[in-house]
Structure formats: structure tokens, C-alpha cells
Amino acid sequence: MLQPGSPLTSTNVAGHWFSVYCIISEGDRDNIAVSNMTFELDGQEVGRFYDDVSGRTETEGDPSFRYNVSVFNASVPEGQHALRISSVGYSRMLFDYVLYT
């Protein structure tokens, strides 16, 4: 089991722009209703994402999952970069993909 703050995923990307996408689960609102993440780029925290679905009601479509949710994006100097995504506390993160150019 990962400890809070442990990196859930990390990768090296080459480019000047990237965007991180996750799947947000709304099906288990009673147990883990929060998605809480931090983003580090080259060892420095550069962003956070927080979403609490506990008070939401069912929406049109699939009430369990929202796919292709942009949780972070950044423009950076051209070059090689280390991206690290970590969970914060007792939260859920379903990593989907990273786009970069």
C-alpha cells in the first residue's frame, strides 16, 4: 500500500507543454469521495488538483466515472523534464494519460 504523498506515477517528458488527464470516480462516494493530487516538475511543486464528489447527485450518462478529466497542464521551457504525481492523504487517483509537445 502506498503511503500518503508517495508518487503514484512519474515520468520524464521532453517538450514545452504538457497536460495530465485522470479518471474521476463518482461511484463510491461514501468510502473515497476525494481526488487530491500534487504535481511536481523537476523537483518543484507546480500545482494541485482537488475534487470532492461526496455531495454530488447523479448526472446524465455514466454516474460512476468521468473520463478524460484534465487535472493539470503547464507550459515549460523546452527540454527534458521530470514529472511526478502524488496523492495527498486518503484520496483516489486514477491516472489516465499525459499529452506533451
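The model is predicted, so local features require a pLDDT of at least 70 and side-chain atom pairs count only at pLDDT 80 or more, whereas totals for chains, interfaces and linings use all residues. Residues are numbered from 1 along each chain as its sequence is written, and side-chain values use heavy atoms, with hydrogens and water left out.

## The salt bridges

Which residue does the side chain of Arg84 meet in a salt bridge? The partner is Glu40, at 3.8 Å from N to O. A salt bridge is a side-chain nitrogen of Lys or Arg within 4 Å of a carboxyl oxygen of Asp or Glu. This pair links distant parts of the chain, since Arg84 lies in strand β4 and Glu40 in strand β2, 44 residues apart. Glu40 is partly exposed, with a relative accessible area of 21%. In general, side chains of opposite charge can pair when their charged atoms come close.

A search of the whole structure finds three salt bridges. For another of them, select Arg66 and Asp51, whose side chains meet at 2.9 Å, N to O. Is Asp51 buried or exposed? Asp51 is buried, because its relative accessible area is 9%; Arg66, at 31%, is partly exposed.

Next, select Arg48 and Glu45, which form a salt bridge of 3.0 Å, N to O. Arg48 counts as exposed because its relative accessibility is 52%, while Glu45, at 46%, counts as partly exposed.

## The whole chain

Now display the protein as a cartoon. Its secondary structure comes to zero helices and five strands, and the pattern along the sequence is β-β-β-β-β. Helices (H or I, at least four residues) and strands (E, at least two) are DSSP runs, numbered from the N terminus.

Of the 101 residues in the protein, 40% are buried. Among contacts with a separation of 6 or more, 82% are between residues 24 or more positions apart; a contact means heavy atoms within 4.5 Å. Switch to a surface view: the protein exposes about 5900 Å², of which carbon and sulfur atoms supply 49%. Accessible areas come from the Shrake-Rupley method with a 1.4 Å probe, and for residues only the protein chains shown count as cover.

## The aromatic rings

Rings of Phe, Tyr and Trp (its six-membered ring) pair if their centres lie within 6.5 Å; planes under 30 degrees apart count as stacked, over 60 as edge-to-face and the rest as tilted. By this rule there are four aromatic pairs. Select Tyr21 and Tyr97: their ring centres are 4.7 Å apart and their planes stand at 15°, so the pair is stacked. Tyr21 is in strand β1 (residues 7-25) and Tyr97 in strand β5 (residues 94-100), so that the pair links parts of the chain 76 residues apart. Tyr21 is buried, with a relative accessible area of 15%, whereas Tyr97 is partly exposed, at 28%.

Then select Phe39 and Phe72, whose ring centres lie 4.7 Å apart with planes at 10°; this pair is therefore stacked. Phe39 is in strand β2 (residues 34-41) and Phe72 in strand β4, 33 residues apart. Both Phe39 and Phe72 are buried.

## The nonpolar core

A nonpolar core is a set of buried Ala, Val, Leu, Ile, Met, Phe, Trp, Tyr and Cys residues joined through side-chain atoms within 4.5 Å. The largest such core has 19 residues; select Phe18, Val20, Met37, Phe39, Val71 and Ile85, which touch the most other members. Which elements give two or more residues to this core? They are β1, β2 and β4. The largest share, seven residues, comes from β4.

## A surface patch

Finally, select Phe65, Tyr67 and Leu94, which form a nonpolar patch on the surface with about 270 Å² of accessible area together. Patches are made of residues with over 30% relative accessible area and no salt bridge; like charges are joined within 9 Å, and nonpolar side chains (Val, Leu, Ile, Met, Phe, Trp, Tyr) within 5 Å. Tyr67 is found in strand β4 (residues 65-87) and counts as partly exposed, at 49% relative accessibility.

How values were computed:
Buried < 20%, exposed > 50% of the residue type's maximum accessible area, 1.4 Å probe, protein only.
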